[in-house]
Amino acid sequence: MATTAQLFEEPFDADEYIERLAWRTPGGGSKGGAEAFDPKRLLEEFENHIEELKQLDEKIQRKVEKLEHQCHREAKEFAHKVQDLQRSNQVAFQHFQELDEHISYVATKVCHLGDQLEGVNTPRQRAVEAQRLMTYFNEFLDGDLRSDVFNNPDKIKEAADIIQKLHLIAQELPFDRFADVKAKIASKYHDLERQLIQEFTAAQRRGEIGRMREVAAVLLHFKGYAHCVDVYIKQCQEGAYLRNDVFEDTAVLCQRVNKQVGEVFSSPETVMAKLIQNIFENKLQAHVKEKLDNTRHSDVEQYLKNLYDLYTRTTTLATKLTEFNLGSDKHTFLSKLIKSIFSTYLESYIDMEREYLRTRGAMILQRYYDSKNHQKRPIGTGSIQDLKERIRQRTNLPLGPSIDTHGETFLSPELVVNLLQETRHAFERCHRLSDPADLPKNAFSIFLLLVDHLCVEHIDYALEIGLSAIPSADAKNANLYFLDVVQQANSIFHLFDKQFNDQLMPLISSSPKLAECLHKKKEVIEQMEVKLDNGIDRTLNCMVGQMKHILATEQKKTDFRPEDENNVMIQYTTACSKVCAYVSRQVEHVRKSMDGKNVDTVLTELGVRFHRLIHEHLQQYSYSSMGGMLAICDVAEYRRCAKDFRVPLVLQLFDTLHALCNLLVVAPDNLKQVCSGEQLTNLDRNLLHAFVQLRVDYRSARLGRHFS
């Protein structure tokens, strides 16, 4: 393999190089197997190749020395050239400094000469201008305007400049001597002003922006410049309001005019502000007045909707207009324009809102009660009603005649939705139309109306009717509808609470009215909770009374002392079956009517009363051995029914009662052991003794000795 410098170029791998050299050497690789391998020849090849590498190294080293020598020589030559260039640069820099000094000297002379020329020329120009104005003034003094500038329509711009200056001069002249010439100059002044405005108007109609800009620049120094702007504003609105949407038309118009104003007038922000002011004070104000005045006294609902819509669209338009240059304080400017349009309407807004809500709420309520053919009963107020309420809370007695509602709760989801919808719209209008300082107060007044209509006139009235409809505890086959009232009242109050949080809270959260709202809400909740608790308590009493009635009519003394002890075929008594069926229905009714922790609370109370009733009921009978077994079966069925409550306390009570019933059948000798059992050991021994006394063999078996 020929040895060249190219073989060692990067990337170079020594191992690969050796392997390739061995593979190319005959007998040096693995080709042909172990027999073909010739180490001597491979060694010889390696030694020869090493010699070649040494020769190549010497060759490369000589080349490197040659290149280094050449590099040193060229470096010296380059250094000499750099030194020559530096000397040339120093000479050039000296020449540049000399030239700069000479230019500065010449420039100073030129500036001095310019100042001298200007000092001579300025008075000369002023003198020429004064002479020219005096010539024109003489023409007015003679009454003969001979100059071409006053008679040639193409030189109206130059004439305007002259007459404007003459008009200023004439104002300084005494009236008694120059009254006639002053009048002529003023007449020509107004005539040219009129011609310029006409020219501007014609150019605007033709769409000649350049000509409009020229005329506006000339008119800028005339008193009629403001009239020119007025004409421009009036003319640019022609044909702009062809649709029914005045707000959209205004936005499009201002967008179009804004670009043109910047090209025509020297102070576009003033013209744009004047245009917007003109639109607000004429187009928008007329539109608002027409929309609102037509409905203000005839249709308050539509009036409030129109006011909200118009005010919202006006403020939205104002927000769009802030994109334009209207001066330094455009937000205040636009706010004043909006206030000028709506101030008279906004001052009386909240009074009309409250009156509308008061009337609308009363109408919605009356329409509902009329649909039910119901004449609202007057709910008493004052000290007598408060006294009745306190007596009812403490004694749980129905005060006043009980009425039959035929299952009607007098609570309407549709009515509630209508009231909340009206109030939601009122809150939205209040938020938009109220002054920020009055917003919390106005929102609170709307909230009070909602409380009056929804909570007092509807929910509270339904609770009063529901309480009056609850039968006495000893009523037979009573229909209990108060839980339906509870269910619907809870659902309605959830909607009321949601609106309180979603609609009212953002309006009052940072004001002192927040505390008043929360206090009012708490007061309403507490009043309703008292009536709900009272109604639920009386309803539970009715349930227990119905159970008691079933037990009294269905349970016979012979159930637990059968005549034939060996021929008892039933699993539990009829009374037990009917009571359990009734209880299961009521438990399901409670679950449907309550939510959250209220379910467990009410079921716990019902379960405790259910247990107390059964406990007291069982103590009214005496039990034979088979009767005791039947009592245990009844209690087992009651316990199975108690599982539906899903309340651990109720199930524990019935487990204990079941253990007590075992005392009715246990053998006399095992009685003491059973009383010491896990479930009975913590009970009062008098209670255990009372249950044992119910056995028919109490005396004959001398069971009392176990408790002496």
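Me: Which residues do ring pairs link into a cluster?
Reply: This is a predicted model, in which local features need pLDDT of at least 70, side-chain atom pairs count only at pLDDT 80 or more, and totals for chains, interfaces and linings use all residues. Residues are numbered from 1 along each chain as its sequence is written, and side-chain values use heavy atoms, with hydrogens and water left out. Rings of Phe, Tyr and Trp (its six-membered ring) pair if their centres lie within 6.5 Å; planes under 30 degrees apart count as stacked, over 60 as edge-to-face and the rest as tilted. Ring pairs join these residues into a cluster: Phe 447, Phe 493, Phe 496 and Phe 500.

Me: How many helices and strands are in the protein chain?
Reply: Helices (H or I, at least four residues) and strands (E, at least two) are DSSP runs, numbered from the N terminus. By that count, the protein chain has 23 helices and zero strands.

Me: What is the angle between helix α15 and helix α17?
Reply: Two packed helices are described by the angle between their axes and the distance between the axes. Axes are lines fitted to C-alpha atoms, for helices over the stretch in contact, and angles run from 0 to 180 degrees between N-to-C directions. Helix α15 (residues 439-469) and helix α17 (residues 513-554) have axes 11 Å apart, and they pack at an angle of about 5°.

Me: Why is α15 called roughly parallel to α17?
Reply: Angles under 35 degrees count as roughly parallel, over 145 as roughly antiparallel, 65 to 115 as roughly perpendicular and the rest as oblique. The angle of α15 with α17 is about 5°, so α15 is roughly parallel to α17.

Me: Which residues is Asp 460 in contact with, leaving aside its neighbours within four places in sequence?
Reply: Asp 460 is found in helix α15 and is buried (under 20% relative accessible area; exposed is over 50%, partly exposed in between, with a 1.4 Å probe and protein chains only), with a relative accessible area of 15%. Contact means heavy atoms within 4.5 Å. With those neighbours left aside, Asp 460 is in contact with Cys 455 and Lys 531.

Me: Which residue has its charged end over the ring of Tyr 461?
Reply: Tyr 461 also forms an edge-to-face pair with Tyr 369, 5.7 Å centre to centre and 75° between the planes. A charge sits over a ring if NZ of Lys or CZ of Arg is within 6 Å of the ring centre and within 35 degrees of the ring normal. The charged end that sits over the ring of Tyr 461, 4.6 Å from its centre, belongs to Lys 376.

Me: Is Asn 373 buried or exposed?
Reply: Asn 373 lies in the loop between α12 and α13 (383-395). Asn 373 has a positive phi of about 55° although it is not a glycine. Its relative accessible area is 74%, so Asn 373 is exposed.
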